[in-house]
Amino acid sequence: MSESATAPAEARPTFAAMLSDPRLWLMTGFGFASGLPLPLSGFTLRQWLAEGHVGLGLIGLTANIGLAYSLKFLWSPAFDNAAPGPLARLGRRRGWLLAVQPLLTIACLLMVLASPAAPTTLIAFAAILAFCSASQDTIIDAWRIETFPQAMQGTALAGYIWGYRAALLISGAGAIALATPWGWHGVFVAMAALTLIGPIVTLLAREPEATATVAHMLAEHVSFATRFARSVIEPLSEFASRRGAPVILLFIVLFRLGEALAGTMLPPFYRHLGFDRAQVAIANGPISLAAVLIGAALGGWLVARIGTGRALLITGCFQTLCMGMYVLLSYSAGSHHMLMATAVVESFSEGLADAAFITYLSSLCSRAHTATQYALLSSIAALALRTVAGLSGFMAASLGWHAFYLVTALATLPSIAVMLYLLRHYPPERRWREQEV
């Protein structure tokens, strides 16, 4: 019997102790920095394009801007294995964050130079913004996984989601509301200023301790081929060699398929139903934020209380049921109450499911290859959003809104079937213990 099997279970910190941990509040700040850029190349951008009368097909294809989030595993090894130049004195994670975050601010300012009158230029600048944002996300995820023990990962994710969702409110509903008095260009200047919160949090954070393997690699002078093999091939091969790896990857791909299709077309969908800019901002404003934060907190509590596997099953099934709200909304044109109900229910279910799902992804990562493996898994999770969802505009135009949102609801069912098989044969708690043996 292995030593890890006989060791006592890791003590779970009390709720009061977790709240008094400054790392949790820093995690919330990192969540804000991570969430702020996302709507600016997604929902908010599509609202701007919809108001500029850009066609549904092109609006749908803006989902492909986010391919940076799916391909970030290609450059994430640099964050694991290379020193961030003159910023190396701040540590590997903090140094890279302070290298990337100013570029993110500049990318946000580039959006001010374009408009829907020249949609290709605007979309190109949004793609640069997404690239910088994806890079920041990779480093923040690695900092979280390396900083918090496994017993606190669910709580750390809840804090992250609180900050993340607060930022989504500001750069989503807030930006849309402010576009009336300030104009879209003024909004993007303001959002660029808010990205400066990221470097402030980075300077306040402490650098996590590097593993012995990573520290040795950073000190070594090795060839490019050797470094590539260690930083890319080795972590990917290690994951691929695990029992159940194909099933795990299939589940990760399918988990957000329905949500990806539905969410991409929301701005033109809202306009089709007759909702104006103010109504969209209100529906996706503070009430929806409160719903998603409550959902995230409850999801983090469920993970700590009943374990990642059961929490994942409960929250995933609940989110699938809630997808039906979009179908009901499609038959309720002009009903502000139905719009509010749909936004609130979907926000709550999304926050609930995210806490369990991200904890599950985190549990799959080896500490020796944290950034690369988590970037790979989170990239795969976003694959449906960044690829298939790009066709959502053509689907909506072809099927009509009623049939389109019925299809998006049905698209969640395959993930539930794979999840049941996965949790029966490769439960996450067992997978984590096997990794540590």
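Modeller: In helix H16, the buried residues are Leu257, Gly258, Ala260, Leu261, Ala262 and Thr264. Buried means under 20% relative accessible area; exposed means over 50%, and partly exposed lies in between (1.4 Å probe, protein chains only). H16 covers residues 257–264 and is mostly covered, with six of its eight residues buried. Helices are DSSP runs (H or I, at least four residues), numbered from the N terminus.

Some ground rules. The model is predicted: local features need pLDDT of at least 70, side-chain atom pairs count only at pLDDT 80 or more, and totals for chains, interfaces and linings use all residues. Residues are numbered from 1 along each chain as its sequence is written, and side-chain values use heavy atoms, leaving out hydrogens and water.

Now the cores. A nonpolar core is a set of buried Ala, Val, Leu, Ile, Met, Phe, Trp, Tyr and Cys residues joined through side-chain atoms within 4.5 Å. In soluble globular proteins, nonpolar side chains tend to be buried together. Here the largest nonpolar core has 64 residues, and Phe269, Tyr270, Leu329 and Tyr405 have the most contacts inside it. Helix H11 (residues 153–194) supplies the largest share of this core, eleven residues.

Contact means heavy atoms within 4.5 Å. Leaving aside neighbours within four places in sequence, Leu329 touches Phe269, Tyr270, Leu273, Phe275, Met338, Leu339 and Thr342. Ring pairs join Phe269, Tyr270 and Phe275 into a cluster with Phe43, Tyr326, Trp401, Phe404 and Tyr405.

The whole structure holds 21 aromatic pairs. Rings of Phe, Tyr and Trp (its six-membered ring) pair if their centres lie within 6.5 Å; planes under 30 degrees apart are stacked, over 60 edge-to-face, the rest tilted. Take Phe30 and Trp143: edge-to-face, 5.0 Å centre to centre, 65° between the planes. This pair links distant parts of the chain, 113 residues apart: Phe30 sits in helix H3 (residues 22–35), Trp143 in helix H10 (residues 119–147). Phe30 is buried because its relative accessible area is 0%. Trp143 is buried too, at 1%.

Phe255 and Phe357 make a stacked pair, because their ring centres are 4.2 Å apart and their planes are at 10°. Phe255 lies in the loop between helix H15 (245–254) and H16, while Phe357 is 102 residues away in helix H22 (residues 336–363). Both Phe255 and Phe357 are buried.

Phe357 also meets Leu312. Beyond neighbours within four places in sequence, Leu312 is in contact with Phe251, Ala356, Phe357, Tyr360, Met419 and Leu423. Leu312 is in helix H20 (residues 308–322). At 0% relative accessibility, Leu312 counts as buried.

Finally, the outside. His53 lies in the loop between helix H5 (43–51) and helix H6 (56–61). His53 counts as exposed because its relative accessibility is 68%. Most residues other than glycine have a negative phi. His53 has a positive phi of about 60°.

Elsewhere, Phe394 of helix H25 (residues 392–399) is partly exposed, at 45% relative accessibility. Together with Leu58, Leu61 and Leu391, Phe394 forms a nonpolar surface patch with about 340 Å² of accessible area.

Technical notes: Helix = DSSP H or I, 4+ residues; strand = E, 2+ residues; numbered from the N terminus. Patch = residues over 30% accessible without salt bridge, like charges linked within 9 Å, V, L, I, M, F, W, Y side chains within 5 Å. Areas by Shrake-Rupley, 256 points an atom, 1.4 Å probe, with all protein chains shown as cover. Salt bridge = Lys/Arg side-chain N within 4 Å of Asp/Glu carboxyl O.
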